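Good morning, and thank you for coming.

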Amino acid sequence: MKVKIKRKFVLIYIAVFIIVLSESLFFMHRNLGHILEYVGYLMLLGQILISFYHVENNCQKKYFSFFVVIVTLMSLGFWVLDLALIRKIVLFFTVLGISISAVLSKNYITSLDLLRSISYCAFFSILIAAMLAIIGGDSIVDHVDPSTTGVLGIQMGFNGGMTYKNYFAADMLAIFMGIYFYYKCEKKKSKDLFVLVLLSIMILASNSKGGILLLVIFLVSMNYSILKKIPRKQRKIFVFFISIIFCIAIINIYSTIILNVSTYGYRYRGLINYIGYFESDWYRIILGSADLMYDQEEEYVVTVRSITGWDGSLEMAWLNILIKSGLLGIVAYFLLYIRYLKNILQIEDWNYKTCMLSVWVTLLASSFVEAYIQSVHCFFAIFCYLLICGLGGRKEKHQIIRNGGY
C-alpha cells in the first residue's frame, strides 16, 4: 500500500509514530514507554510552536492569549496545592501538551492530504506494536470483566499490542476518522475504503464498548448531511421530532443501560461520589485535590477509589479534570469546546462542516466514557485536537492548503 510521504513533513510523521508506539505493551513492559512518549511529545510540541510562529497571522496574539488563559485555568490548582515539585512539573507537561495541541496547532495540519498521511503513519505504528508484542511474548488479548462479556459476548478483546484494548480501539477510531474525513471531503480511493473496513473490524474485535459506541456516534453524525435532502419547510419539524426521540432515547439508555452496566455505572458513581465527598470543601472543588491523590502510599487509582468509594472508578474525563484542575479546569475545557463549535458552525461547505462537527461530537462524547480528552497517554484526543484546530478554523473547504502546513 503506497502512501505519499513528503520530506518536509518527515518530523511530523516521526513524532506521531513515536507517540503511538509509546503506547505499545512491548515498550511499556520494558520501562521504555514513558521515555518514548516524552521524546515524541517534545518533537510534536516543538514543531507545533515553530509552525505557529512561522506563519504570520493577525490573530496570532488572540490565539496565544487564549492559550495562556487555558493553561492558567488548567494548572493553577496543582501549582497552588502542596505537591512535590516533580509532580507539578509532570502535570504541567500534560497540560502544556493538551493546550499547545488544542490551541496553537492551527498551522500544523492544514491539508487533508497531510491528515491522511498522519493517519496511516499512526496505523503503521500500531501494526509494528502488534508485531513487537508477538515477538516479545506480550499478550495481544485483554480479558474482560467477568461480570460483562462486552459487545461480542466473549470475555476477551484484541488490544493490538497496545497498553489496553480501549486505547487500541480509541487510536483505531482516530485513524478511521482521519482517513474517512479525506475519503468523504477530498477523494474516494478504493484502498482507503478497504482500510476503513479493516479498521472497523479491528475496533469491533477490541470488544471495547466505549470504542464501538464512539464509532457509531461518529458514523451517525457523519451522515447528518441527509437532512439536506429534506425540503427546508419540513426540515425543522423533522429535527424537532428527532431531537425529542433522541432525548427520550438518551434518558432511557442512561436509566436502563448505563446505570445497570457495571463498567459505565462505575464511571458515573465515581464522579458522583467525588462531588459528594468534597461538596463542603469548595477550596478543593475549585482548585482540585491533586495533593490528596498523588504521591500517596497507594497508587493514584487506588487512592482515588478509596476516597470516592470503591463502587466507582475514575475512567471518566470530568472526574480526572476535577481532581487535577478543579472547577477551573472544567471551565477551561468548556471554553475550548465552545470555541471549537463556534469555528465549526462558521464553515460554509456542508460536507466539510459535517465532518468537523462529527469529530467534535465524538471527542465530546468520549469524555463521558473515557478519560482521553485530558490525557496524553492515548493519542486519540491529541489527534482530534490537531485535526479540529488545524482544519476547523477555515470557513470554506478551498481554504485548506492542499499540500500541507508550514
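Let me begin with one residue. Contact means heavy atoms within 4.5 Å.

A word on the source is needed. This is a predicted model, in which local features need pLDDT of at least 70 and side-chain atom pairs count only at pLDDT 80 or more, while totals for chains, interfaces and linings use all residues. Residues are numbered from 1 along each chain as its sequence is written, and side-chain values use heavy atoms, with hydrogens and water left out.

Now the chain as a whole. Its secondary structure comes to 17 helices and two strands; helices (H or I, at least four residues) and strands (E, at least two) are DSSP runs, numbered from the N terminus. Of the 406 residues, 53% are buried, a term that means under 20% relative accessible area, with exposed over 50% and partly exposed in between (1.4 Å probe, protein chains only). Among contacts with a separation of 6 or more, 74% join residues 24 or more positions apart.

Which residues touch the most other members of the largest nonpolar core? They are Phe-380 and Tyr-385, in a core of 121 residues. Helix 7 (residues 165–185) gives this core its largest share, 14 residues. A nonpolar core is a set of buried Ala, Val, Leu, Ile, Met, Phe, Trp, Tyr and Cys residues joined through side-chain atoms within 4.5 Å.

I turn to helix 17 and its partners. Helix 7 and helix 17 (residues 379–391) pack at about 25°, with axes 8 Å apart. Helix 7 is therefore roughly parallel to helix 17. Axes are lines fitted to C-alpha atoms, for helices over the stretch in contact, and angles run from 0 to 180 degrees between N-to-C directions. Angles under 35 degrees count as roughly parallel, over 145 as roughly antiparallel, 65 to 115 as roughly perpendicular and the rest as oblique.

Helix 5 (residues 85–103) also packs against helix 17, at about 30° and with axes 7 Å apart. That makes helix 5 roughly parallel to helix 17. The residues in contact are Gly-97, Ile-98, Ser-101, Ala-102 and Val-103 of helix 5, and Ile-382, Tyr-385, Leu-386 and Cys-389 of helix 17. Seven of them are nonpolar, two polar and none charged. Ala, Val, Leu, Ile, Met, Phe, Trp, Tyr, Cys and Pro count as nonpolar, Asp, Glu, Lys and Arg as charged, and the others, Gly among them, as polar.

Beyond four places in sequence, Cys-384 touches Met-177, Val-359 and Leu-363. The C-alpha atoms of Cys-384 and Ser-101 are separated by 9.2 Å, although the two residues lie 283 residues apart along the chain.

Finally, another pair. Helix 1 (residues 10–21) and helix 6 (residues 112–136) pack at about 40°, with axes 9 Å apart. The two, helix 1 and helix 6, are therefore oblique to each other. Their contact has 15 nonpolar, two polar and no charged residues.
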